[in-house]
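Please keep the sequence and the coordinates at hand while reading.

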Amino acid sequence: MRIDVLTLFPEMLEPFCSASIVGRARKAGIVEIVCTQLRDFATDKHKSVDDKPFGGGPGMVLMCGPVFDAVEHVESLDPRPATRIVLTPQGETLTQRTVESLAKKPRLLIVCGHYEGFDQRILDGLRPMEISIGDYVLSGGEPAAAVLIDAVVRLLPGALGDRTSADSESFAGNLLEYPQYTRPREFRGMCVPDVLLSGDHGRIAGWRREQAELRTKARRPDLLEK
Ligand code: ADE
């Protein structure tokens, strides 16, 4: 997979994309991630990418010209068709289901906004998916891009050493994850449940399933209704 990110702050994303699972997947050639500076596509001598909103109001709006030019340039660098994504609090809330469908695409092109938002013609003309990572407002799309990239890359074949660990985790089956324990067996008077030490794999699987259901019922009953 190739992931392009158009951003005014590539220096926020580069270290993120070079560490941990994403960094390893990149090194292993499982994903290619290319961050492109949107300001390089400004056309005036001040390198402007934003301007005051028509009709007045606070803040600045990301201009069409640099975004269209950057998208078209970056898309021309690789023949695979790109799924265009704009990160915005106005978008559809990201779910594991969306992440799974994005992980099957050959190429993603993520545009990070800043300022008060995008000129509406960017959305109308480029027809991207509009994605929000939750009902709160970030000062820019870069942290959201990091979230999206992480969630997608870990699903790519080979990105996690052990494939089953992606499948059994929270949300894969609309259930939260069961409680996990490791050594020591007792810590400050708190003991690991006996069943996990029993060696009985059938009982352990049953207990985990039950715990996952109890947790989901208590914390996220909305997931069980899905
Ligand atoms: N940009 C600003 N806030 C955002 C959010 N919640 N999700 C995605 N992009 C954003």
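What percentage of the 226 residues of the chain count as buried? In this predicted model, 40% of the 226 residues count as buried, and the secondary structure of the chain comes to nine helices and 10 strands. The C-alpha atoms, taken along the principal axes, fill a box of roughly 70 × 40 × 35 Å. Among the contacts in the chain with a separation of 6 or more, 74% are accounted for by residues 24 or more positions apart.

**The five-stranded sheet**

- Five strands make up an open sheet in the order S2-S1-S6-S5-S8, and their pairing is parallel.
- The edges of this sheet are taken by strand S2 (32-37) and strand S8 (129-132), each of which has a single partner strand, so that one side of each is left without a neighbour in the sheet.
- On average, and with direction ignored, neighbouring strands of this sheet are turned by 30 degrees against each other.
- Within the sheet, strand S5 (residues 83-93) and strand S6 (residues 107-112) run parallel and are joined by five bridges, and Leu87 stands opposite Cys112 in S6.

**Helices on that sheet**

- Helix H3 (residues 64-76) packs on the sheet, where it touches strand S1 (2-7) as well as S2, S5 and S6, and the direction of H3 makes about 160 degrees with that of S6.
- Helix H6 (residues 142-153) lies across S1, S2, S5 and S6, and the course of H6 runs at about 160 degrees to S6.

**The three-stranded sheet**

- Another open sheet is formed by three strands in the order S3-S4-S7, and here the pairing is mixed.
- Strand S3 (50-51) and strand S7 (117-118) stand at the edges with a single partner strand each, so one side of each is left without a neighbour in the sheet.
- The pairing of S3 with strand S4 (residues 61-62) is antiparallel and extends over two bridges, with Asp50 standing opposite Leu62 in S4.

**The contact between H1 and H2**

- Helix H1 (residues 10-17) packs with helix H2 (residues 20-27) at an angle of about 80 degrees, and their axes are 7 Å apart.
- Angles of 65 to 115 degrees count as roughly perpendicular, and H1 and H2 are therefore roughly perpendicular to each other.
- At this contact, Glu14, Phe16 and Cys17 in H1 meet Val22, Gly23 and Arg26 in H2; by class, the contact has three nonpolar, one polar and two charged residues.
- Glu14 and Arg26 also form a salt bridge, in which the closest N and O atoms are 3.5 Å apart.
- Because Glu14 lies in helix H1 and Arg26 in helix H2, the pair ties together parts that are 12 residues apart in sequence.

**Other salt bridges**

- The structure holds 10 salt bridges, and one of them joins the side chains of Arg80 and Asp78 at 2.9 Å, N to O.
- Is Asp78 buried or exposed? At 12% relative accessibility, Asp78 counts as buried, whereas Arg80 is partly exposed, with a relative accessible area of 31%.
- The side chains of Arg220 and Asp222 meet in a salt bridge with an N to O distance of 2.9 Å; Arg220 counts as partly exposed at 30% relative accessibility, and Asp222 counts as partly exposed at 34%.

**Around Pro221**

- Pro221 is found in helix H9 (residues 221-225) and counts as partly exposed, at 38% relative accessibility.
- Although Pro221 and Leu175 are 46 residues apart along the chain, their C-alpha atoms are separated by 9.6 Å.

Key: Residues numbered from 1 in each chain as written. Heavy atoms only, no water. Axes fitted to C-alpha atoms, helices over the stretch in contact; angles between N-to-C directions. Helix = DSSP H or I, 4+ residues; strand = E, 2+ residues; numbered from the N terminus. Parallel < 35°, antiparallel > 145°, perpendicular 65-115°, else oblique. Contact = heavy atoms within 4.5 Å. Nonpolar A, V, L, I, M, F, W, Y, C, P; charged D, E, K, R; others polar. Pairing = 2+ DSSP bridges. Salt bridge = Lys/Arg side-chain N within 4 Å of Asp/Glu carboxyl O. Buried < 20%, exposed > 50% of the residue type's maximum accessible area, 1.4 Å probe, protein only.
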